[in-house]
Structures are given as C-alpha cells and as structure tokens.
Amino acid sequence: MTDAKPFRLLLVDDDEASLDLLASLVAHFGTLARARTGAEALAEVASHLPDLILLDAEIPSPNGFEVCEILKTNPLYADLPILFVTAHNAPEIETLALRLGAVDFIHKPLNPAIVRARVRTHLLLKQRTDDLHRLAIQDPLTRLANRRAFDDALDQEIRRARRNATPLSLLMLDVDYFKRYNDHYGHPKGDEALRAVAGVLARYSRRAGEMAARLGGEEFAVLLPGLSADTATLLAERIRASVIDLGLPHAFSDVAPVLSVSLGVAAYEPEGTALTDCADQALYAAKKAGRNCVSA
Ligand code: GH3
Ligand code: MG
Ligand code: MG
Ligand code: MG
Ligand code: MG
C-alpha cells in the first residue's frame with residue numbers, strides 16, 4: 001500500500017476461526033498480533049504498540065467496549081485507531097462504540113472488500129497523524145527534539161523532580177564563533193556542523209527521560225533527569241571534548257583551530273531561580289570565561 005514501514009495490527013477476537021479470517025484479510029498491511037481476551041489485548045498494546053486494533057466487542061473480560069474505554073482514556077493511546085468488529089446490528093451499540101472513541105465499525109459476517117478498504121483508510125490516516133505529530137515535535141535540520149517538545153518535557157520533569165525530590169539537571173549549549181563559521185565556510189557547511197553537534201548530544205542523552213533539543217539557531221539544551229549538578233558537569237565536559245574531537249576545522253575561531261561549544265550547567269532547586277535562567281546564566285559565564293568550556 002505504501003513503501004513506508006509495514007504496519008502493526010492487533011486482532012482481538014475470542015473465536016479462533018474469526019481471527020484466522022481477519023488475519024487472512026489484512027495480512028498484507030504488515031505484521032499481525034492476536035489477542036483472545038481483553039486482558040491479552042491490553043497487555044499486547046502495552047508491550048508492542050500497534051498502529052491499529054480490530055476489536056471484537058464480545059470478548060472475555062474486559063469486553064471490547066471496556067478495552068476501548070481503557071485505551072482511549074490513556075493519553076499514551078489516544079491516537080491509536082480502534083475498529084470494532086461485531087455481529088451487533090443495533091444502532092445504539094454502534095453509537096456507543098463511536099462515543100467511546102472507536103474510529104469505525106465493521107459488521108459480521110465480514111465482507112472482505114469492506115474490511116480491507118476500511119482498514120486501509122484508517123492506517124493511512126494513522127500514518128498521517130504520526131507524521132504530523134513528528135513534525136510538531138522534531139527539529140527538521142538535526143532531528144533532535146524542537147523547542148516545543150523541550151518545553152513540554154522540561155515542565156513534566158520539573159513537576160516530577162518536585163514531587164519525588166529527585167535531582168534534575170539542564171545543560172545549555174551554544175556553538176562558539178558560529179557566525180564566522182557560516183561566513184567563511186558557507187551556510188550548508190554550517191548546517192552540517194549543527195547536525196554533527198546534534199549527533200554528539202544525541203549520543204550523550206540516551207537514557208530514559210533524557211532529551212537533547214535544538215532550541216533555535218546554534219543553541220541546544222540537554223535535559224538530564226536523575227543527574228546532580230556534579231554529574232551533569234562531568235557529562236558537559238565530555239560533550240565539550242567530543243565536539244572538539246569532531247575535528248571540524250574552524251580557522252576563524254579565536255579559541256580553537258576546530259569548532260567548539262560553550263556549556264552552562266544548572267540543577268533544579270525547588271525554591272531557587274528558574275532552571276532555564278540558571279543554565280542560561282551559566283552559559284553566559286562560559287562565554288565570558290573564554291568559550292570552549294563548561295560553567296556551572
Ligand atoms: P558566540 O561565540 O558568542 O556564540 O558567537 P556566535 O557567532 O556563535 O553567535 P551569534 O549569535 O552572533 O551567531 C549565531 C549564528 O548562527 C548566526 C547565524 O548565521 C547562525 N545560524 C543560526 N541558525 C542557523 C542555521 O540553521 N544554519 C546555519 N548554517 N547557521 C545558523
Ligand atoms: Mg466474540
Ligand atoms: Mg547563540
Ligand atoms: Mg554562538
Ligand atoms: Mg547569539
């Protein structure tokens with residue numbers, strides 16, 4: 001149907017013959033998972049998020065309507081399309097399913113052409129939703145998180161740090177003498193350099209909850225839940241050294257023969273100055289201290 005990645009579909013029905021029939025109708029869309037009860041369906045969604053669910057209404061507990069309600073009230077699964085498959089013909093049953101958040105309704109006995117057509121439509125819509133979501137949160141040049149995604153993650157992590165009294169650190173990073181780099185090597189080379197710096201940040205922010213983001217221009221941030229200021233400062237120093245190790249020649253920098261970055265480090269303090277302001281001030285101090293260095 002497209003040359004994009006194959007889709008993952010979850011088929012839920014307590015009747016083995018129905019599962020086999022459904023599977024034969026939609027196998028060409030991608031990979032299939034099966035569940036025979038509501039509990040199995042929820043477990044499968046939690047372990048391997050599908051792109052679409054074909055959900056029999058009459059399954060052992062929780063039943064199809066309950067499964068739909070559970071999934072649709074969880075923000076993690078709000079975009080997951082659910083198509084009900086059922087022998088019910090009553091309009092009020094169909095309305096209930098749609099009100100619970102189902103995108104469509106398919107009647108048994110199954111009409112093969114209708115099943116394929118509806119599933120295809122909803123997979124295409126799901127793909128478009130995913131694409132738009134990615135565009136909304138990703139910086140197109142570096143593929144890091146963009147400022148919008150960063151601001152959301154920062155809010156969330158600050159709330160978590162306050163609630164659990166766990167450490168949270170933030171790095172702010174700015175490329176040194178980048179205007180000169182652009183002026184002398186050209187904008188396309190400048191873009192390449194930004195991608196290379198982003199690659200370094202991505203390598204150092206792989207643990208769950210960590211996020212590297214491009215805030216704009218040649219300014220980046222790394223959000224580090226669980227890290228104290230001391231540990232974050234060590235990490236910042238490793239990032240600084242790794243950017244130097246990229247070895248991108250910068251003949252017009254006053255501080256190094258290669259491209260370098262300055263970093264500011266700050267740790268969250270519930271009663272203190274805003275975390276981003278602290279990290280910004282530290283970055284400014286690093287610039288004042290001569291660039292190609294870390295300030296905390
Ligand atoms: P400093 O060491 O004080 O940070 O000096 P600087 O030259 O890096 O700082 P300044 O803010 O004067 O210049 C930032 C430059 O970043 C200006 C602009 O040309 C460049 N820039 C911003 N966004 C992009 C981009 O998307 N691609 C490229 N190639 N350059 C960009
Ligand atoms: Mg059934
Ligand atoms: Mg700047
Ligand atoms: Mg700069
Ligand atoms: Mg600037």
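Predicted model: local features only at pLDDT ≥ 70, side-chain atom pairs only at ≥ 80, totals over all residues.
Helices and strands here are DSSP runs, a helix having at least four residues and a strand at least two, and they are numbered from the N terminus.

Arginine 291 has a positive phi of about 75°, even though it isn't a glycine. Asparagine 292 sits in the loop between H10 and S10 too, and its phi is also positive, near 50°, again in a residue other than glycine. That's worth a second look, since most residues other than glycine have a negative phi. How buried or exposed are these two? Arginine 291 has 18 C-beta neighbours inside 10 Å, so it counts as partly exposed. Asparagine 292 has 23 other C-beta atoms within 10 Å, and because the cut-off for being buried is 20 or more, asparagine 292 counts as buried.

Two prolines bring in another backbone feature. The peptide bond running from serine 61 to proline 62 is cis, with omega near -15°, and proline 62 belongs to the loop between strand S3 (52-56) and helix H3 (64-72). Lysine 108 and proline 109 are likewise joined by a cis peptide bond, this one with an omega of about 0°. Proline 109 is found in the loop between strand S5 (104-107) and H5. For context, most peptide bonds are trans.

Helix H5 spans residues 112-137, and isoleucine 137 is part of it. Isoleucine 137 has 15 other C-beta atoms within 10 Å, so it is partly exposed. Leaving out residues up to four places away in sequence, isoleucine 137 touches Ala145, Asn146, Arg148 and Ala149. Take arginine 148: it is 11 residues from isoleucine 137 in sequence, and their C-alpha atoms are 6.2 Å apart in space.

Now for helix H9, which covers residues 229-246. Its 18 residues reach 26 Å from the first C-alpha to the last, close to the 26 Å expected at 1.5 Å a residue. Which residues of H9 are buried? They are Ala232, Thr233, Leu235, Ala236, Ile239, Arg240 and Val243. Looking down the axis of H9, these buried residues fall within an arc of 160°, so they line one face of the helix. The buried residues of H9 pack against S6, H8, strand S8 (219-225), strand S9 (261-267) and S10 (294-295). Just after H9 comes glycine 247, with a positive phi of about 65°.

The largest nonpolar core holds 47 residues, and the ones touching the most other members are Leu170, Leu171, Val197, Ala221, Leu263, Val265 and Ala279. Another core, of 29 residues, lies apart from it and includes Val12, Val45, Leu55 and Ile59.

Of the 16 residues around it, Asp176, Phe178, Lys179, Gly190 and Gly217 come nearest. Strand S6 (168-175), helix H7 (178-185) and helix H8 (187-203) are the elements giving two or more residues to this shell. H8 gives the most, with four residues. Sorted by class, the shell around ligand 1 has five nonpolar, four polar and seven charged residues.

Terms used: Residues numbered from 1 in each chain as written. Chains lettered and ligands numbered in written order. Near = placed C-beta within 6 Å. Nonpolar A, V, L, I, M, F, W, Y, C, P; charged D, E, K, R; others polar. Core = buried A, V, L, I, M, F, W, Y, C linked by C-beta atoms within 7 Å. Buried ≥ 20, exposed ≤ 12 C-beta atoms within 10 Å, placed from the backbone. Expected span 1.5 Å × (residues − 1). Arc of directions from axis to C-beta. Contact = placed C-beta atoms within 7 Å.
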